[in-house]
Amino acid sequence: MNKIKIYDKTFVPYIPHDELIGCIDKVAAQINRDFAGATDVPVVLCILNGAVIFTGELMQRLDFPCQLVTTKMTSYVGTSTTGEVKQTLPLTTSLKGRRVIIAEDIIDTGLTLVAIKKILSEEGVADVKVCTMLFKKEAYRCDETIDYIGKEIPNRFILGFGLDYNELGRNLKDIYVLEED
Ligand code: IMP
Ligand code: MG
């Protein structure tokens, strides 16, 4: 088994690349079904940095005209959430009156999602759908509906495929989990 070491921690293989791609195929098909025949141009809102690889894969599979918009939200330091979510880069364009699909790498406590939805409601968007590659159901403590879920995972710290540990590991093709001691 190819373990990897990043800073002080050891990670072991967890979700292979092919399985992640299968999850993305599944949510993309659901979104295509729901947005078929759209006469507007829905927005895919990529939440930087973690969702960048997921969003790239997802968008290649969407078959209706859509626009990419980004914003950066920050809450994690090391392997846990600080509980305080900050918007560290603003929306790249106004979303007033638009239909928005939020693209997240992972939803954990849900605090980031709540913060984004507040920003979008202040923007005056027409509609919001939420799409996440991974969902830590046991850690979730919010009421927001999550419309599209690639895969549910237990409450463990992971990295790879866009997800990081103190900014490292985003470039790994597979997802790794923190080794249990
Ligand atoms: P939430 O606000 O607690 O739902 O956390 C959402 C954000 O925290 C995600 O978009 C990720 O950027 C980050 N995050 C949550 N869990 C993990 C993890 O296991 N590894 C790396 N980043 C994570
Ligand atoms: Mg993120």
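Helices here are DSSP runs of H or I with at least four residues, strands are runs of E with at least two, and both are numbered from the N terminus. Before going on, I noted that this is a predicted model, where local features need pLDDT of at least 70, side-chain atom pairs count only at pLDDT 80 or more, and totals for chains, interfaces and linings use all residues. Residues are numbered from 1 along each chain as its sequence is written, chains are lettered from A and ligands numbered from 1 in the order written, and side-chain values use heavy atoms, leaving out hydrogens and water.

**Shell of ligand 1**

I counted up the shell: 16 residues surround ligand 1, and the closest are T109, G110, T112, K136 and I158. To be in it, a residue needs a heavy atom within 4 Å of the molecule. β6 gives the most, with 4 residues. By type I get 7 nonpolar, 3 polar and 6 charged; Asp, Glu, Lys and Arg are the charged ones, Ala, Val, Leu, Ile, Met, Phe, Trp, Tyr, Cys and Pro the nonpolar ones, and the others, Gly among them, are polar.

**Polar contacts and cover**

Next I looked up polar contacts to the ligand (pairs of N or O atoms within 3.5 Å). The side chain of T109 has an N or O atom 2.4 Å from an oxygen of ligand 1. For D105, a polar side-chain atom lies 2.9 Å from a ligand oxygen, and for E104 the distance is 3.1 Å. I then checked cover: on its own ligand 1 has 490 Å² of accessible area, and the protein covers 92% of that. The areas are Shrake-Rupley, with a 1.4 Å probe. The space that ligand 1 takes is the largest pocket.

The peptide bond from L48 to N49 is cis, with omega near -5°, and N49 is in the loop between β3 (43–48) and α2 (52–61).

Y7 is not a glycine, yet I see a positive phi of about 50°; Y7 belongs to the loop between β1 (4–6) and β2 (9–15).

F161 is another non-glycine with a positive phi, about 50°, in the loop between β9 (158–159) and β10 (175–178). Is F161 buried or exposed? I have F161 down as buried, because its relative accessibility is 2% and the cut-off for buried is under 20% (exposed is over 50%, partly exposed in between).

Conventions
Buried means under 20% relative accessible area, exposed over 50%, partly exposed in between (1.4 Å probe, protein chains only). A polar contact is a pair of N or O atoms within 3.5 Å; within protein, one must be able to donate a hydrogen and the other to accept it, and residues adjacent in sequence count only if both atoms are side-chain atoms. On a 1 Å grid over the protein atoms alone, a cavity is a set of points where a 1.4 Å probe fits but cannot get out, and a pocket is an open set with protein on both sides within 12 Å along at least five of seven lines; lining residues have an atom within 4 Å of a point. A molecule sits in a cavity or pocket if more than half of its atoms lie within 2 Å of its grid points.
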